[in-house]
Amino acid sequence: MTSTAAAAPLFTPDDERWMGVALEAGALGTPSPNPHVGAAVVRDGRLLGRGHHERAGEDHAEIEALREAGAGARGATLYVTLEPCNHEGRTPPCTEAIIAAGVARVVVGCRDPNPHVTGGGIEKLLAAGLSVEMGCREADARKLIAPWAKFVTTGLPYVTLKLGLSLDGRIASRTGASKWITGPEARARVHWLRAQQDAVVIGIGTALADDPRLTVRDAPGQSPLRVIFDTKLRLPVSGKLVQSAREVPTWVVCTTDAPSSAEGQLVERGLEVLRAPATAEGRIDPIAALRLMAARGIVAVMIEGGAELAGSVLAGSAVDELHAFIAPILLGPRGRPGAVDWAGPATPAEAPSIVDPQWEVCGVDAHVWGSLRYPS
């Protein structure tokens, strides 16, 4: 029987299990600026094909799964985490391939939230006589596309904030020493998180104090774009970030009145300079800067420091996900600076908090993470 997308049918344990296979596949690949999508073709309780969207411009998950299933796709069920596309982009519409393959039933995780496309994938399949059921493991399917969904609906990237701090909330000792507060296991976890991002972002204070590389070394994956928020273009040309800019793409975001002479020196060494509006205090407007980055195709970013930058994005309610690595050490009240430099909420009830926090021991450190919620 053909169902409507709004019917919200009850799914069987087998449906939940096979959608789980599609979700696992969907986590693979680096499709940005497209969404993560997974698919599985199943018939008579057998997995005939699975697929994921590896990268932008390549075949979508449904096409990969159907190709692997071959003729077995006729009369089968297709499980797909996101509504199949029904528009011509860099690849043909997936709906046409699904219909041509003779699939009998399509189980969809969640609707396509993209307001910039016509959509109608589910309606196209229904009109062709396929049975379509919507909403299987919908929360998990929406989580899979959360960064991309924010990107296409708001014009802003999905922002992860990483903090490494002592038990008393400091990120450096009283002398300014910050290497290393957390242990090697926590640092490897941070490198793994970096590899999931389109870009990693730091403030000029962190760049000057630590002279970091911001590359992925202790985990599998590619190094993302590196971005430095540098109001007056103080980034030294002798630093590691500038010296390696031709190997790892690097942007510097400054204010509109930053000196053009400094910009020229950075551009000569392979960096790209973006100018963003300033706040009333003369600092980079973080929301405007993030919007500039999204306009250039950056879907997911991780902010790694320092305290001033962390405070500005929290004050602007711009952080979507928080990862805090807490070391079992005490740096004292003269430790500098605090992990987040901002005025903060007036009361605990007004504080942003992690929804459903996940806690894990990471070496000797504690890692707590989850989506951030801001009280209305």
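Now widen the view to strand 12 (residues 321-327) and strand 14 (residues 365-373), an antiparallel pair held over 6 bridges. Strands here are DSSP E runs of at least two residues, numbered from the N terminus, and two of them pair if DSSP finds at least two bridges between them.

Before moving on, a note on the model. It is predicted, so local features need pLDDT of at least 70 and side-chain atom pairs count only at pLDDT 80 or more, while totals for chains, interfaces and linings use all residues. Residues are numbered from 1 along each chain as its sequence is written, and side-chain values use heavy atoms, with hydrogens and water left out.

Pick Ile 354 and you will find Leu 372 of strand 14 opposite. Then zoom in on the turn: strands 13 and 14 form a hairpin with 2 residues between them, and Gly 363 there has a positive phi of about 70 degrees.

Next, select strand 4 (residues 105-110), where 6 of 6 residues are buried (under 20% relative accessible area with a 1.4 Å probe, protein chains only). Strand 3 (residues 77-82) pairs with strand 4 in the parallel sense over 5 bridges, and strand 5 (residues 131-134) also pairs with strand 4 in the parallel sense, over 4 bridges.

Which residues face Val 107? Click on Val 107 of strand 4 to find Tyr 79 opposite, and Glu 133 as its bridge partner in strand 5.

Note on methods. Buried < 20%, exposed > 50% of the residue type's maximum accessible area, 1.4 Å probe, protein only.
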